[in-house]
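Keep the sequence and the 3D view open, try each task, and then go through the solution step by step.

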Amino acid sequence: MAVLLLAIGALGAWLTRPSPTPPGPTLRGLTWILEDQDLLSSEPTSDSAPGSGSDTAAGSGPGPAAAPRVDVEVVRDLLAAIPAATTPIDGYDREAFGKPWADMDRNGCDTRNDILRRDLDAPTMKSGSWCTVAAGVLDDPYTGTTIDFQRGEQTSPLVQIDHIVPLAWAWRNGAADWDTVTKLKFANDPVELVAVDGEANNAKADSGPAGWLPPDTESQCAYVAVFTLVVAQYQLTIDDADRAAISTTLDTCP
């Protein structure tokens, strides 16, 4: 009986243990991706220099998070090396990328919940689970708004996980020729995924940067930087319109 009680206690502790927290500063969404991939600029911003007047007043508390500073020259070099698209590949098949969402890192948790835990502020878990996110706060990188996430049939779609390079866009630009393993990896790659406002994600659909950019202009630079990175890493192609849209957006980066 004593052994059984110890086993039950150990199981209960395992089920209720908190979600693992990454070491160091908490980075979320597009900023996490840029930091992880060494695409943040180390140069100081002109408006953060001493005496610029942009410092938060004493006692006023922190202001809104500043848009991440992208290393524009690195992104331009990546963009220049991406081959031009020729004839788009038709016949997009979502099922070819695997069932949403897989557990690629074998941590016992599906990709959607991995990304929610990464991108939500103060995520809380479903009772009896260390994996399933029940609630949290999203500082949405696409709209600049704050969303109180609550897991539920009606409320979960309000926060969606976006493929920054849409699966159908990737298909048209070379992914159709990938093997099954590469398609599955792409569909679940944390560098390609970000938690966002569901309505904005639906509006984006399968558009490239020429057809859609985040409504929040402060996020557009980071968005096209990650888009370019993913296209380059997976050796996809890009058409002239999307290339021009990315280049023009990079001109606006701080």
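**Exercise 1. Find the bridge partner of Asp121 in S2, then describe the sheet around it.**

Step 1. Look across from Asp121 into S2: its bridge partner there is Val137. Helices (H or I, at least four residues) and strands (E, at least two) are DSSP runs, numbered from the N terminus.

Step 2. Now take the two strands as a whole. S1 and S2 pair in the antiparallel sense, over three bridges. Two strands pair if DSSP finds at least two bridges between them.

Step 3. The open sheet is formed by three strands in the order S1-S2-S3, with antiparallel pairing. Its edge strands are S1 and S3 (146–150), each of which pairs on one side only. On average, neighbouring strands of this sheet are turned by 10 degrees against each other, direction ignored.

Step 4. Look for the helix that crosses the strands. H4 lies across S1, S2 and S3 and runs at about 50 degrees to S2. Axes are lines fitted to C-alpha atoms, for helices over the stretch in contact, and angles run from 0 to 180 degrees between N-to-C directions.

**Exercise 2. How far can the model be trusted, and where is pLDDT under 50?**

Step 1. Start with the ground rules. This is a predicted model, in which local features need pLDDT of at least 70 and side-chain atom pairs count only at pLDDT 80 or more, while totals for chains, interfaces and linings use all residues. Residues are numbered from 1 along each chain as its sequence is written, and side-chain values use heavy atoms, with hydrogens and water left out.

Step 2. Check the confidence. pLDDT is the predictor's confidence in each residue, from 0 to 100. The chain has a mean pLDDT of 85, and 80% of its residues reach 70 or more.

Step 3. The pLDDT is below 50 over residues 2–26, a stretch with nine contacts in the model beyond near neighbours in sequence. It also stays under 50 over residues 45–64, which have seven contacts beyond four places in sequence. Contact means heavy atoms within 4.5 Å. Where pLDDT is low, the predicted coordinates should not be read in detail.

**Exercise 3. Which cysteines form disulfides, and which parts of the chain do they tie together?**

Step 1. Count the links: the structure holds two disulfides. Here, a disulfide is a pair of cysteine sulfur atoms within 2.5 Å.

Step 2. Take Cys109 and Cys131, whose sulfur atoms are 1.9 Å apart. This link is right-handed, with 75 degrees about the S-S bond.

Step 3. Turn to Cys221 and Cys253, with their sulfur atoms 1.8 Å apart. Their link is right-handed too, at 100 degrees about the S-S bond. Since Cys221 is in H8 (residues 220–233) and Cys253 in the segment after H9 (240–250), the pair ties together parts that are 32 residues apart in sequence.

Step 4. Check the surroundings. Cys109 counts as buried at 2% relative accessibility, and Cys131 does at 8%. Buried means under 20% relative accessible area, exposed over 50%, partly exposed in between (1.4 Å probe, protein chains only).

**Exercise 4. Which residues of H3 are buried, and what do they pack against?**

Step 1. List the buried residues of H3: Val72, Val75 and Leu79.

Step 2. Look down the helix axis. The buried residues of H3 fall within an arc of 65 degrees (taken from the directions from the helix axis to the C-beta atoms), so they line one face of the helix. An α-helix has 3.6 residues a turn, so residues three or four places apart point the same way.

Step 3. Turn to the face away from the buried side: it carries the exposed residues Glu73, Asp77, Ala80 and Ala81.

Step 4. Find the packing partners, which are H8 and H9. In H8 you will find Thr228, which is buried with a relative accessible area of 0%. Beyond its neighbours within four places in sequence, Thr228 is in contact with Val75, Leu78, Leu79, Ile82 and Ile246.
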